[in-house]
Amino acid sequence: MALCTSQIDDSIEIQLLLNFSINKDLPHNVRSILNGQYEDTINNELSTFIEAVRNGDSLEEIIHNGLSSTQAHLSWLCTGIASLLYFVQCNWTGPPIDSDIDWLKTRRDEALKHLSLHDGCNINVRKPELLYLANKIFSNVDLQLRCRSCVWWLLRATLLHQHVLDENSGVLFEETENLITKINNLNILEDPLCELLFNLEAARFYLHYRRTQNSEKHLERAQSIAGLRLNLEGAMGKRTKYQREEKAQLYLKIEMDRDTFPSIDCEDIPKSLNLNDELRLERIEFSEYKEDIKLGMMEEAIILAKYVQLQLCQPKHKLTDEEIRPYLTKVVDSTKNWSLKMTSLCYRCSLESDDKRTVERSMMQAESLLNVLNDYNAPVSKAPVARRMDIFFASGMRPVWTLEEKWANIMFSLGLVKGALEVFAKLGLWEEVIACYNMLNLKHKAAEIIEQEISKKPTAKLWCLLGDATGDVSHYETAWRLSEEKSSRVQKHWGFYYFAKKDYAEAVPHLKLSVELNNIQEHVWFRLGYAALQIEDWKLAAMAYRRYCALEDSVIRSYHRILDLKNNHSDIQVLQILTNAIINNVNDADGNPASRLLQNTLELFGRITSNTVNNPDIWRMYAELVALRKTDVDNERAAQYLQKAYRFITSNPKWCRNEDTTLNVLELCCNLEQAYLRCATDIAIVKKRKMLGSAKLSLQGVVKKIKEQAWDNADIMNQLMKVERYHRTITMSFAGKIVLITGASSGIGAATAIHLAQLGASLSISGRNKQNLHKVAEQCGKSKPFIVTGELTNENDVKNIIDSTIKHYGKLDVLVNNAGVLEFGSIETTSLEQYDNVFNVNVRSVYQLTALAVPHLIKTKGNIVNVSSVSGLRSFSGILAYGMSKAAVDQLTRCVALELAPKQVRVNAVNPGVVITNLYKSVEMSEEQLKSFFDHSKETHALGRIGDVSEVAKTIAFLASDDASFITGATLSVDGGKHAMCPYGYDLKPAIRNRSYQVYKFCGYHRTITMSFAGKVVLITGASSGIGAATAIHLAQLGASLSISGRNKQNLDKIAEQCGKSKPFIVTGELTNENDVKNIIDSTIKHYGKLDVLVNNAGVLETGSIETTSLEQYDNVFNVNVRSVYQLTALAVPHLIKTKGNIVNVSSVTGLRSFPGALAYCMSKAAVDQLTRCVALELASKQIRVNAVNPGVVITNLHKSSGMSEEQLKSFFDHSKETHALGRTGDVSEVAKTIAFLASDDASFITGATLPVDGGRHAMCPR
């Protein structure tokens, strides 16, 4: 710089780089460039040199002589810039220019020879002399010393030079990297806008060469300068016109730490065409407004470059497209910059060209953009030339002929072969022309067309193509001579010819010479490596693969090509070594961590799985690698890939007979369940249910098959136990949920903590005894709970329990109010101190905890489960204060359920009977008193035994889970039927009182799988639609063998198809016909040989009051809803006794509450509820449980069948939103899951219960 005597003003150079200025006091030549008057600038600035140029004088000497005057530097800089931008206009942005600069055109052949680098320029390049002139000007050392931006302009010219070549050039790559290093040291980058623009252009250079790691560094720097943060997030929305349920959709969340950089809007930008699809919406419609931050063109350029960078470094896959599409959509929808709009629409054309619903728009959009570029009279061609140049070099825009090629390829894919042929021929894409002729069965035309072109103008490329088409080696020799023995392309074609013939010895010297002439030909390096392996030239093979891997981001693509060459054979051992190295982040010989290969290895597996689709080991490894990225989308991918691995490994029905395969399947199942639990965190409930349902099915089938084999193998049995543990977790997953449990140091609280930990919950456990809390925490496994101690009678301690939990986890999903104390005494013996203690712990602390938790539960749409007692439902002497406190908790449950239902927070309670805990010891009962009390309790509980804490814990888990999504305000008895019995006065038979109860086995693989119905036979009436159909489908997914009954055979067949592989047994009949009812039971027993569960679901509805309901209507309702239930139950009981089965009756909230207008229906359901309670007591001694579900308004055909019109139905359902505390009607699946729970072993201590599944309607005052 010391040699400079006349420096150009930095501000002028910056304005030229940015293509914008608000300063009107500018030199005329600068102003002309900023106005897009490039041809005028060239003619004016070089007017004194026209003759010299025309006469063929050396351009280097003309420029050197012109710079001899110190005042000429700006003039030459402007000439170079005008030449370069005029070249861009002619080949990129348009409008097209037909006329030439005559005196400069004389240098065209010289320019083409210079620019070709011995391999030839693209034949479609227009006015190459402009680029040639610009390159010569910017390469002048003197000008670079006087003009700081000259090196930057040379960088831009070099990148355009690469674009006009058919092959990437190693020479240009090295030159450009050197230029980037020089620009990095320029003071001009002290301007933040210049630094941002430079990093964007450098990133674009590396993206062109597919060097994603280099590009990422520059993009990260650009984002940092712009203060831009980009994150993909999910939100509920719709993407199709007829979509009813919203699903999670990705959108780009943008945050800014500073104001946007200056931006120039172009009014006449290219137009985005509408999709006009009969199914898809034009764009995703989100249910919630997403704040749209206004961006400038610089920020949009970052987002568009990020889109390309993500596309390159991830495997090609539809999920990848979905993940990166929001980046592209953001630019397409919002940009006002001409070149960004053009480029983003071109990218969208490419993205949509492979989808049958979008390919038509892709083709039409490409044609529309070509009209803008090639037709001066096109509607938007009036966009000023200068505005088309704004941040052109940072936009990534490709030459116009690449868009034409894309358009032709889309036409070819749609079968428009002749149209595509015409475009390919115009572009000189002879290989594509040959493909078109082959498609048209005109193969002889291929060689003819090339020979015709050679006769016009012979080139090395054409002779090579003729050699490819005819197989005549002499044509490669001709091409080699024509290139003056300097073309890497010729040697490549020559080598590939021998390579295709598997003549590797002949191929090697040609491939070797090709990479010597151009050393960044990745596809030549890998073929050279492979050919060297075949001729056992190990040294050459190692060198070729090392060189190929040295091409940075392309390291894994070598393996892709090898897969092709080895006929898609995948070396599983090699892939496993690579996978293990990346997972364990092993360092290579040079100390580089293997984790750097993750992106490229994922791309490799994407390629492998597109060719080898049925190898379980490959899908398993692919999943393990995808999971390392730890994003929500990748967790979901990992689960999908493991599901595929599972499907393929179990496709052979004999897999379970081989020990090694069985162990592999069990290990895969464990991995699959872990993956599903990971991706089930923080996603939409509907989607979560679907995913976890898929996981359940996988495990149930495996467990069933392995148990059938009766393996005597310790490894298999240990692994099977592990799978069963995962199954219990995934059946009712609490992954990602934060649960606070009070009184968790022992008893029900401790059991609930351990059970929910197994189900994936993150726990906060509270109590007074820290030592006991730590013991419970140890039993919770790897997911160590957060422990907070405190006295519930101390308001500050209560507040600290909530505050500490929120501080530790940041949210709260479930509150379990479990802590409680017991005091014995009557009205005469209970002191006020005892009363205060009971109410302060059992009621006041529950009230305070609930009040403090509510704001956090509203945010998560969480729920509350209160642990009450059967003493809150029934009166018992001797525990007055305790009974009063639990009744208060029950009423709190119902009232708060109504208050919080509009906010989608559910509140329920469990009401245990006598369960063995420390509660009784705490009131100083002696061991003898305890034994006597527990013995007596066997007589006071209908099931003839006392409960276990795990049975209460499972019920709490159900009420807290998404499976209970339509249950609120319920007080669910977990009391062995005690609540249904007359207090102490029920005369149990001696056989009941004296029987012994066999303790369940709760350990090892003998433990029944949670919510599994494998091996169970279930009979469901009214299964042709509504709740019955939903229950059939759900229980089939849980492994049940079904017998489904109804009147409509066609509908039953449809339901059977939805039940999957395990086809139900179908029996039709009229429930008002005694013979048909008997046949339903007899046929089921004949078909299956047993019965485990009876679901009495069938029912009819008749509307009317005491004045309007006829005896015929009354008889019909009671015959179907009550008499048939009675008969079916009576006929089923002998079979249920054998299997110790159970019954679930489908009643209604109308059996619990009185409603006008449906008298007979309400009476019938009340009768069913009483039947449920009475039969539960009668059959409890035989270990048969009987329960009922009481749905609220659920959308089924029941209401239509009662004669309601569509208008009446709509009005009824709309009004029902007001009469249900949760503010909505129910879904049949929600009732089905509750039926499944009551029928499962998880409800083993529940009998005689009538469980409302009514969105809290039963708890509300009738409206």
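Helices, taken as DSSP runs of H or I with at least four residues, and strands, taken as runs of E with at least two, are numbered from the N terminus.

**Figure 1. Overview of the chain in the predicted model.** By that assignment the chain holds 54 helices and 17 strands. Of its 1263 residues, 57% are buried. Among contacts with a separation of 6 or more, 70% join residues 24 or more positions apart. The chain has an accessible surface of about 54,500 Å², and carbon and sulfur atoms contribute 49% of that area.

**Figure 2. Packing of helix H28 against helix H29.** Two packed helices are described by the angle between their axes and the distance between the axes. For H28 (residues 504-517) and H29 (residues 522-534), the angle is about 145° and the axes lie 9 Å apart. The crossing of this pair is left-handed.

**Figure 3. Residues in the contact of H28 with H29.** From H28, the contact involves Tyr504, Val508, Leu511, Lys512, Ser514 and Val515. These meet Val524, Trp525, Arg527, Leu528, Tyr530, Ala531, Ala532 and Gln534 of H29. By class, the contact residues comprise ten nonpolar, two polar and two charged.

Figure 4. Apart from neighbours within four places in sequence, the contacts of His755 are Ala953, Lys954 and Ala957.

Note on methods: Residues are numbered from 1 along each chain as its sequence is written. This is a predicted model: local features need pLDDT of at least 70, side-chain atom pairs count only at pLDDT 80 or more; totals for chains, interfaces and linings use all residues. Side-chain values use heavy atoms; hydrogens and water are left out. Buried means under 20% relative accessible area, exposed over 50%, partly exposed in between (1.4 Å probe, protein chains only). Contact means heavy atoms within 4.5 Å. Accessible areas come from the Shrake-Rupley method with a 1.4 Å probe; for residues, only the protein chains shown count as cover. Axes are lines fitted to C-alpha atoms, for helices over the stretch in contact, and angles run from 0 to 180 degrees between N-to-C directions. A crossing is left-handed if the near helix is turned anticlockwise from the far one by less than a right angle, and right-handed if clockwise. Ala, Val, Leu, Ile, Met, Phe, Trp, Tyr, Cys and Pro count as nonpolar, Asp, Glu, Lys and Arg as charged, and the others, Gly among them, as polar.
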